Amino acid sequence: MNLATFGGILHTAYRHGNFDTVMGAGMALTELEVKKEKASDKPKKLADGGGMYLLVQTSGTKCWRMDYRFEGKRKTLALGV
């Protein structure tokens with residue numbers, strides 16, 4: 001699925017009234033902040049805004065995730081995994 005298709009799914013769900021994004025205020029992560037982040041003894045979530053965050057695993061693996069709501073239920077989308 002390409003990004004245009006993904007955006008179409010989100011737009012269609014929103015238009016029909018059964019999609020609520022989890023919006024949060026905050027500053028977007030910079031490229032430097034992402035590169036500098038190191039592994040620790042516990043997984044870390046670094047907020048990027050709009051429900052998007054960078055998950056840094058204990059092994060040092062970095063994954064982008066997005067939390068959203070669909071039909072009133074919380075969902076998480078893993079990007080690039």
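Of the 81 residues in the chain, 17% are buried; buried here means under 20% relative accessible area, exposed means over 50%, and partly exposed covers what lies in between, with a 1.4 Å probe and protein chains only. The model is predicted, so local features need pLDDT of at least 70 and side-chain atom pairs count only at pLDDT 80 or more, while totals for chains, interfaces and linings use all residues. Residues are numbered from 1 along each chain as its sequence is written, and side-chain values use heavy atoms, with hydrogens and water left out.

Confidence comes before detail. The predictor's confidence in each residue is given as pLDDT, from 0 to 100. Its mean over the chain is 77, and 68% of the residues reach 70 or more. Over residues 1–25, however, pLDDT stays under 50, and the model has 25 contacts beyond four places in sequence for this stretch, a contact being heavy atoms within 4.5 Å. Where pLDDT is low, the predicted coordinates should not be read in detail.

The secondary structure consists of two helices and five strands, arranged along the sequence in the pattern α-β-α-β-β-β-β. Helices (H or I, at least four residues) and strands (E, at least two) are DSSP runs, numbered from the N terminus. Among contacts between residues at least 6 apart in sequence, 26% join residues at least 24 apart. The accessible surface of the chain comes to about 6000 Å², and 57% of this area belongs to carbon and sulfur atoms; such areas come from the Shrake-Rupley method with a 1.4 Å probe, and for residues only the protein chains shown count as cover.

Glu37 is buried because its relative accessible area is 18%. Leaving aside residues up to four places away in sequence, Glu37 touches Lys44, Leu46, Val56 and Lys62.

Strand 2 runs antiparallel to strand 3 (residues 52–56), and five bridges join the two; strands pair if DSSP finds at least two bridges between them. Within this pairing, Lys45 has Leu55 of strand 3 as its bridge partner. The two strands form a hairpin with two residues between them, and Gly50 in the turn has a positive phi of about 65°. The charged end of Lys45 also sits over the ring of Tyr53, 4.9 Å from its centre; this requires NZ of Lys or CZ of Arg within 6 Å of the ring centre and within 35 degrees of the ring normal.

Further along, Arg69 has its place in strand 4 (residues 62–70). With a relative accessible area of 32%, Arg69 is therefore partly exposed. Arg69 and Gly51 are 18 residues apart along the chain, and their C-alpha atoms are separated by 9.8 Å.

The loop between strand 4 and strand 5 contains Glu71. Its relative accessible area is 55%, so Glu71 is exposed. Phi of Glu71 is near 50°, a positive value in a residue other than glycine. Most residues other than glycine have a negative phi.

Val81 is exposed because its relative accessible area is 76%.
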